[in-house]
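User: Please go through this structure with me by question and answer. I am new to it.

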Amino acid sequence: MNKRSSWALPYFIFMVLFVVLPLLLIVFYSLQDGSGHFTLANIGKFFTDKDALSTFALSIEVAIENTFICILLGYPAAYILADKRLNRSAVTVVLFILPMWINALMRTLATAELFNMAGIALGKGTLLFGMAYDYLPFMIYPIYNVLNKMDKSYSEAAQDLGATPGQVFRKVTLPLSMPGIMSGVMMVFMPTVSTFAISEFLTNNKIKLFGTIIQENINNSMWNYGAALSLVMLLIIGITTFLQGGEAQEEATGGLI
Amino acid sequence: MSQNDVIIKVEHLSKSFGDKTVLDDINLEIKRGEFVTLLGPSGCGKTTMLRFIAGFNTADEGKIIMEGKDITDVPPFKRPLNTVFQRYALFPHLDVYDNIAFGLKLNKVPEEEIDKRVMKVLKLVSMSDYEDRDVESLSGGQQQRVAIARALINQPKVLLLDEPLAALDLKMRKDMQIELKEMHKKLGITFIYVTHDQEEALTLSDTIVVMNEGKIQQIGTPTDIYNEPVNAFVADFIGESNILKGRMIRDRRVAFIKHEFDCVDEGFGEDVKVDVVVRPEDIYFTTDPAKCQFKAKVNSCIFKGVHYEMWVDTDTGYELMIQDYDPYPVGSEVMLYIDPDDIQVMKKEREANTYAAKVTGEGEVEFLGTTFACDTTGFEEGDEVVATIRFEKVDLLDYEEEADTTGNVVFILYMGNHYHLTVKTESGENIWVDTNDIWDKGDFVGIKILPEDIRLSKPAAGNE
Amino acid sequence: MDWKKLFAKLYIWLLLIVLYAPIAFIVIFSFTEAKSLGNWTGFSTALYQNLFNGSMQNASGLLSAVKNTLLIALVASVVATLLGTIAAIGIFHLHGTKKQTMTFLNNIPMINPDIITGVSLFLLFVFLGISQGYTTVILAHITFCTPYVVLNVMPKLRQMNPNIYEAALDLGATPAQAFRKVLVPALRPGMISGFILSFTMSLDDFVVTFFTRGTIGLDTLSTYIYTDARKGGLTPELKPLMSIIFLIILVVLLVINIRQSKQLEKKA
């Protein structure tokens with residue numbers, strides 16, 4: 001025994017210093033003006049800044065659309081990969097995870113070049129395609145993980161009780177795979193809202209997403225406004241995490257390799 | 001017994017996890033070379049106690065003395081004793097040889113000697129030629145042997161075994177019991193063995209320590225414990241028994257199930273309430289009316305392999321269990337008798353629930369961490385009193401709304417015509433209840449006591 | 001049934017082709033001399049030669065970016081693996097609110113999008129007045145890598161017989177020996193996957209590095225590519241470099257996964 005629980009202490013201190021304190025600093029800086037006085041002006045600015053608001057709305061819109069595209073494309077793929085009758089090879093699964101490990105910027109640049117070569121004008125369409133392409137593996141993997149671990153006897157029991165294959169899917173498989181979908185959503189939605197380089201490359205700087213605005217403000221030494229914008233994002237993360245109930249992270253990344 | 005014979009001495013050991021007391025002022029002496037078993041139901045504190053001896057748990061209070069030296073603060077890796085763990089705890093990344101040699105290699109014992117000793121100990125556990133095997137490829141019984149070999153190779157003075165056979169199947173368990181017993185004889189070292197299996201304890205031990213709820217109930221040889229249990233818990237836990245309410249009429253004469261019997265117990269006094277234990281194999285059938293002490297009707301009969309187990313209803317309305325080699329048909333009227341030798345009379349632990357209480361107002365008294373309504377005539381607010389409630393006057397409810405307080409059923413005893421329950425209340429104190437209703441161990445119950453059933457009295461001097 | 005199977009196969013392969021198209025694109029165009037992507041001027045290994053003998057434009061910039069990337073990834077993932085393993089053991093033995101708190105804290109960096117991690121750490125370093133450079137980037141990478149190590153070690157702790165650490169102590173090992181000789185071997189698979197995950201995440205990171213690298217001109221591959229692309233022309237030698245990195249990762253991951261599934265089959 002010898003209090004092995006105390007081994008968590010160094011990490012606790014590390015987390016407080018490098019996770020909790022920095023998040024508090026976002027709040028701290030967003031409530032300050034340039035000379036260190038308390039103010040609500042930064043947050044007020046966001047709500048009156050038409051540019052920021054429309055970018056924010058667009059980012060949410062793109063993120064929702066991207067998440068849906070990823071679910072629509074990714075769920076069938078995860079389902080097929082997890083079905084032993086349709087796919088016996090573990091290598092196929094690895095092939096789906098593999099692109100996650102290639103430098104995202106490089107992949108994105110290549111995608112943009114492909115569009116150029118095919119003569120497709122860069123814009124919202126290419127943005128959505130490129131995003132889906134970047135984030136699809138993050139949707140497939142958690143769903144696959146849940147489906148793969150699911151006890152087959154559930155669907156057999158449903159069939160035994162008279163459910164047609166369609167009913168088995170709707171009433172048993174789909175509800176049971178919800179945790180996978182939820183963690184997939186977590187891994188796709190928030191990163192989409194906050195990307196910056198990717199959206200620039202895919203639209204040739206035509207479309208700005210929320211992440212770009214944050215980055216521009218921070219880079220131009222407008223820390224306080226940048227912090228306020230980050231705070232807005234933090235609130236959304238808080239809400240979505242709360243709605244989702246947390247917990248699903250392990251499904252998403254446990255045993256990724 | 002001279003002090004020299006004592007190898008391990010546990011003094012005033014207490015341990016709580018949160019507000020749960022796991023060990024409550026335990027005192028125990030273990031003799032050199034003895035096979036001692038700590039026996040009790042799960043959660044009785046036996047494993048905690050073993051881990052305390054091994055050094056894995058620290059106690060809140062108390063000392064452990066080994067060969068006259070206080071080793072309470074000695075870390076486990078410096079204690080001259082070794083442990084065989086539940087589910088073996090073999091190191092999965094090492095083969096049989098390296099598992100066994102682990103301790104010796106740490107101590108930088110020369111390789112030739114390690115070799116010799118590993119081979120010797122492998123032979124002792126009948127596992128020669130297995131040294132290169134991967135431990136995960138071994139069967140449960142073989143892993144068990146490796147675990148024992150690994151613990152023995154360090155030549156400990158005391159071997160601790162934590163339910164070592166629990167994971168084996170019945171046949172294997174029986175074989176290993178015999179081997180353990182032989183190993184103990186051959187090695188001559190002290191074994192401290194933890195189990196919840198009373199049969200295993202009776203088979204293996206020189207001394208059994210029966211534990212329940214963090215307290216030692218009885219220490220004795222297997223025969224003592226079986227034949228002369230000191231209380232209802234021990235009688236119920238060891239073997240099958242009929243536990244009944246009785247009354248000592250005078251020395252060597254006891255009444256229970258509304259009949260009188262001769263017995264061999266003396267010194268309880270006259271007309272004193274007692275508990276009586278009769279083992280099911282000690283109730284005999286007879287066809288001789290002169291021998292018959294009471295009559296009964298067989299209401300069930302089940303073949304148990306060697307004997308038949310029968311439940312009979314006595315002519316006075318009690319239910320008894322009887323084991324006999326011959327079956328009697330269900331519904332038949334039988335004549336029965338019990339030998340005086342086979343009646344075990346036990347002092348009653350308590351005759352009613354008594355609590356130190358406090359009058360908190362007119363018609364109000366506080367105990368068990370809550371306030372009860374009752375007649376407080378003759379007492380004033382603030383008086384310290386004793387509240388007495390008879391077992392059968394406590395009502396158990398399966399809902400909380402109307403209850404005075406709540407608790408969990410922790411122990412159930414069938415007394416022939418009613419159940420005697422121990423209920424642990426919210427305040428952590430026990431309340432004992434006689435009831436005809438059927439409850440299960442662990443049930444969450446509401447406790448209700450009517451005002452007229454609480455009797456108050458002045459606390460006796462020096463007593464509660 | 002057969003139709004279903006055919007359709008499933010078709011769907012999977014179609015998705016894979018789309019997913020790999022850009023990567024294949026990079027690899028293909030690494031074998032031509034043209035400056036921009038998508039411009040084929042005949043087969044050539046000139047870009048590879050340039051890369052290896054360092055005779056391209058701005059060779060030192062790209063080279064130091066590669067060096068920085070590897071150094072940062074290596075240091076960050078080694079530290080994260082150690083910190084995360086010890087933390088996982090600690091968290092595993094915690095109970096109640098303390099365990100929940102630690103699990104919650106551990107989840108934060110994984111839930112946070114990169115930009116929040118980047119901005120918040122940037123503010124921290126500004127607040128503490130630490131000048132940004134190697135140290136801050138490495139600290140930032142440790143911050144987002146460690147939770148994944150914890151997550152990978154945890155299941156191994158659950159599978160492990162809880163008594164083996166105590167068995168080692170019982171047999172005379174000191175706590176440090178028991179950690180090295182018993183815990184580490186039992187947790188090794190989780191530590192290795194945690195390490196590889198950390199290493200690749202660190203290699204791939206752009207956003208967090210971007211915010212914590214300061215103004216001393218520290219570049220990793222990601223920030224180099226970003227600046228390069230913003231300037232207009234990608235350094236052509238990036239194509240062979242990326243192809244090589246892709247090949248290495250492909251081989252490593254395939255080998256690991258095939259070995260794992262073989263082990264699983266053996267056990268089953």
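The questions below go from whole chains to single elements and one residue.

Analyst: This is a predicted model, in which local features need pLDDT of at least 70, side-chain atom pairs count only at pLDDT 80 or more, and totals for chains, interfaces and linings use all residues. Residues are numbered from 1 along each chain as its sequence is written, and chains are lettered from A and ligands numbered from 1 in the order in which they are written.

User: How many helices and strands does chain B have?

Analyst: Helices (H or I, at least four residues) and strands (E, at least two) are DSSP runs, numbered from the N terminus. The C-alpha trace of chain B spans about 85 × 65 × 45 Å along its principal axes. Counted in this way, chain B has eight helices and 30 strands.

User: What share of the residues of chain C count as buried?

Analyst: Chain C has 11 helices and zero strands, and its C-alpha trace spans about 70 × 65 × 35 Å along the principal axes. A residue is buried if 20 or more other C-beta atoms lie within 10 Å of its own, exposed if 12 or fewer, and partly exposed in between, with C-beta atoms placed from the backbone. For chain B, with 464 residues, the buried share is 36%. For the 268 residues of chain C, it is 47%.

User: Which element gives the most to the side of chain B that touches chain C?

Analyst: Two residues are in contact if their C-beta atoms, placed from the backbone, lie within 7 Å. By that rule, 19 residues of chain B are in contact with 15 residues of chain C. On the chain B side, β6 (81-84) and α2 (96-106) each supply at least two residues. The most, three residues, comes from α2(B).

User: How are α1(A) and α4(C) placed to each other?

Analyst: Helix α1 (residues 9-30) of chain A and helix α4 (residues 96-111) of chain C have axes 11 Å apart and pack at an angle of about 40 degrees. The contact is made by A:Phe12, A:Met15 and A:Val19 on one side and C:Met102, C:Leu105, C:Ile108 and C:Pro109 on the other. Axes are lines fitted to C-alpha atoms, for helices over the stretch in contact, and angles run from 0 to 180 degrees between N-to-C directions. Angles under 35 degrees count as roughly parallel, over 145 as roughly antiparallel, 65 to 115 as roughly perpendicular and the rest as oblique, so α1(A) and α4(C) are oblique.

User: Which residues of α5(B) are buried?

Analyst: An α-helix has 3.6 residues a turn, so residues three or four places apart point the same way. The face of α5(B) turned away from its buried side carries the exposed residues B:Lys171, B:Ile178, B:Glu182, B:Lys185 and B:Lys186. The buried residues pack against β3 (35-39), α4 (140-152), β8 (190-195) and α6 (198-204) of chain B. They are B:Met176, B:Leu180 and B:His184.

User: Which residue follows α5(B)?

Analyst: The phi of this residue is positive, near 70 degrees. The residue after α5(B) is B:Gly188.

User: Is B:Val272 buried, exposed or partly exposed?

Analyst: B:Val272 lies in strand β14 (residues 272-278) of chain B. Not counting residues up to four places away in sequence, B:Val272 touches B:Arg247 and B:Met248. With 16 other C-beta atoms within 10 Å, B:Val272 is partly exposed.
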